[in-house]
Amino acid sequence: MKAKNWWHDEIVYQIYPRSFQDSNHDGIGDLQGIIQRLDYIASLGVTMIWLSPIYQSPMVDMGYDIADYQAIDPQFGTMTDFEDLVAAAKQRGIKIMMDLVVNHTSDQHAWFQAALADPKSPYRDYYIFKKTDDGQVPNNWRSLFGGSTWTEVPGEPGTYYFHTFASAQPDLNWENETVRQAIYAMIRWWSAKGVAGWRVDAITHLKKDLDWKSLPADGDDGLVTVIEKGQNRPGIESFLTELKDQAFAPTQAMTVGEAYGVPDEDLGAYIGPDGYFSTIFDFSYMNLDMIDVNEWYRGQNQWTVAELRDLLFHSQATAAAVDGRLANVLENHDQPRVLSKLIRRLADQTPLAAKALAVMYYFLPGVPFIYQGQELGMRNAKRERIDDFNDVSSLNNYRMALKEGYSPAAALSIVNAKSRDNARVPMQWTSDVNGGFSDVSPWLPMGTDRQGIDVASEEENSQSVLHFYRLLADLRKSDPWQSVFIDGELLPLDNLPANVVAYQRALNQETVLVVVNLGSENISIALPQDDLYQLLLSNQESSKPTVQGQLTLTPYAAFVLGRKESDKQTD
């Protein structure tokens with residue numbers, strides 16, 4: 001069966017360029033390094049690469065603070081290198097998705113520098129500036145990186161600019177049509193260079209409540225999270241519709257919104273047949289471990305596998321209800337490693353568990369995304385000092401934790417568990433001191449849990465996580481199951497044991513059953529209809545070719561079973 005849209009059968013691999021492969025001996029990953037590894041990426045069945053930002057940037061937030069939208073940062077290479085990457089990827093059947101950061105720019109962007117230089121410049125209206133007469137900031141909103149959302153303009157007492165994130169990331173004024181048109185023109189410029197998709201950063205923050213009123217504080221600092229007045233606010237729909245119509249629709253680009261906090265009732269507008277985006281990331285299960293996704297010091301949730309399962313199925317049900325599809329993801333550049341996050345006991349953070357998690361998410365309706373190193377079963381690093389961290393959010397959370405009364409040791413433990421640096425450590429290609437990433441010390445220290453977890457080692461091990469991810473792709477693309485995975489209905493199994501995630505995918509005469517045990521005890525479950533199932537894939541080293549009746553699941557066992565109508569047992 002042909003996919004309804006070209007992107008329905010994509011498999012996307014996210015690259016954090018700074019940490020993927022260094023080709024010029026400076027300890028920083030670059031575009032030529034990615035080109036060197038394209039055959040490896042293709043071996044995973046990947047059809048699209050999502051590049052985290054490679055634009056010119058002072059790197060206060062590792063490229064999510066853009067100083068020039070139409071220039072490659074020299075540490076990553078040149079525009080010619082980018083064009084070479086697009087061409088080399090195309091030769092391997094791989095498309096390029098860029099990161100689109102248009103809620104804010106860097107404070108080093110020419111627009112913002114012009115706005116600072118002259119209060120009467122038209123660029124002052126490209127951003128959000130406010131004046132007060134009492135020496136106080138305009139309101140008590142707290143930025144997502146801590147502290148006030150307002151920073152005083154140098155040399156202009158009483159004048160402040162607004163930033164949802166760091167002070168080095170001033171928000172663009174999306175109320176200004178000139179700004180919007182400049183953004184759309186930039187997107188079309190990149191599309192002409194062959195960019196096929198966009199991951200759209202922080203997109204639900206474009207619209208702010210224009211009353212700019214303070215709200216009751218939600219913390220001891222007297223501030224309230226900016227989310228209350230600057231996320232998913234009424235009126236954002238006009239911005240997103242225009243963005244789609246003028247920037248994305250002309251090239252039929254695949255678009256993925258980083259859409260935190262979208263209510264279920266609005267989901268159709270985002271990812272329905274005429275939605276703003278092709279798909280969005282669902283963060284409900286990604287962040288179930290934390291009380292507050294931005295303010296980690298507020299503590300961790302004592303979640304259960306049953307809650308994880310319910311979140312997964314609820315998200316899928318709401319997407320299906322609006323005829324939409326989700327971007328399915330376990331890890332990204334903003335998250336700790338999934339093995340360390342979802343498998344609590346260190347002893348259980350094994351290749352077997354990594355494979356179980358992979359099976360759980362890979363065959364859900366939607367598009368599977370793989371983050372670099374996820375296919376190796378990489379785990380969190382452990383840093384001994386706060387000075388060992390680079391991530392601005394980690395540093396801010398550490399400071400906020402100390403202000404809230406945490407000891408330095410407790411604050412460091414919180415940051416170690418949640419830091420974005422866990423995903424940003426250099427890729428582990430070999431067991432060498434610098435992991436085959438570079439022949440010099442890398443920009444960020446290597447991970448601290450690496451034994452046997454690298455491409456070279458796993459290539460030699462037929463039972464490795466790496467080989468398993470290749471099997472996942474092979475199965476997803478195989479007949480007759482491909483159409484089931486792309487267009488099949490999701491049917492969650494009911495009355496499951498607490499630590500089991502199980503669901504069916506059904507289309508026409510074929511059914512696929514996915515069963516995963518995320519617990520440390522043996523469990524048996526009854527298979528639906530008592531039919532004979534063909535074993536399509538398992539993370540068990542030896543299994544029967546067919547299964548019927550009862551299925552016994554050892555700890556962290558995962559099975560993908562298939563059944564055709566012709567296989568049904570008859571009386």
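In β23, Phe559 is the bridge partner of Val515. The model is predicted: local features need pLDDT of at least 70, side-chain atom pairs count only at pLDDT 80 or more, and totals for chains, interfaces and linings use all residues. Residues are numbered from 1 along each chain as its sequence is written, and side-chain values use heavy atoms, with hydrogens and water left out. Strands (E, at least two residues) and helices (H or I, at least four) are DSSP runs, numbered from the N terminus.

Strand β23 spans residues 558–564 and runs antiparallel to β18, with seven bridges joining the two. Strands count as paired if DSSP finds at least two bridges between them. Strand β18 also pairs with β17 (residues 500–507), again in the antiparallel sense, over eight bridges. Here Val515 of β18 is the bridge partner of Ala502. Two residues separate the strands in the hairpin of β17 and β18. Asn508 in this hairpin takes a positive phi near 55°.

Strand β18 covers residues 510–517 and is mostly covered, with eight of its eight residues buried. Buried means under 20% relative accessible area, exposed over 50%, and partly exposed in between (1.4 Å probe, protein chains only). Glu510, Val512, Val514 and Val516 point one way from β18. Thr511, Leu513, Val515 and Asn517 point the other way. Residues of both sets are buried.

Strand β20 (residues 533–538) joins β21 through two bridges, and the two run antiparallel. Tyr533 stands opposite Val547 in β21.

Other sites lie in loops. Met286 is in the loop between β13 (279–281) and α9 (305–321). Met286 counts as buried because its relative accessibility is 1%. The C-alpha atoms of Met286 and Tyr371 are separated by 13 Å, and the two residues are 85 residues apart along the chain.

Asp266 lies in the loop between β12 (254–257) and α8 (267–271). Asp266 has a relative accessible area of 33% and is therefore partly exposed. A surface patch of negative charge gathers Glu237, Asp264, Glu265 and Asp266. Patch residues have over 30% relative accessible area and no salt bridge, and like charges are joined within 9 Å. A salt bridge is a side-chain nitrogen of Lys or Arg within 4 Å of a carboxyl oxygen of Asp or Glu.

Conventions. Patches are made of residues with over 30% relative accessible area and no salt bridge: like charges are joined within 9 Å, nonpolar side chains (Val, Leu, Ile, Met, Phe, Trp, Tyr) within 5 Å. Accessible areas come from the Shrake-Rupley method with a 1.4 Å probe; for residues, only the protein chains shown count as cover. Lys and Arg count as positive and Asp and Glu as negative; His and the chain ends are not counted. The place of a charge is taken as NZ of Lys, CZ of Arg, CG of Asp or CD of Glu.
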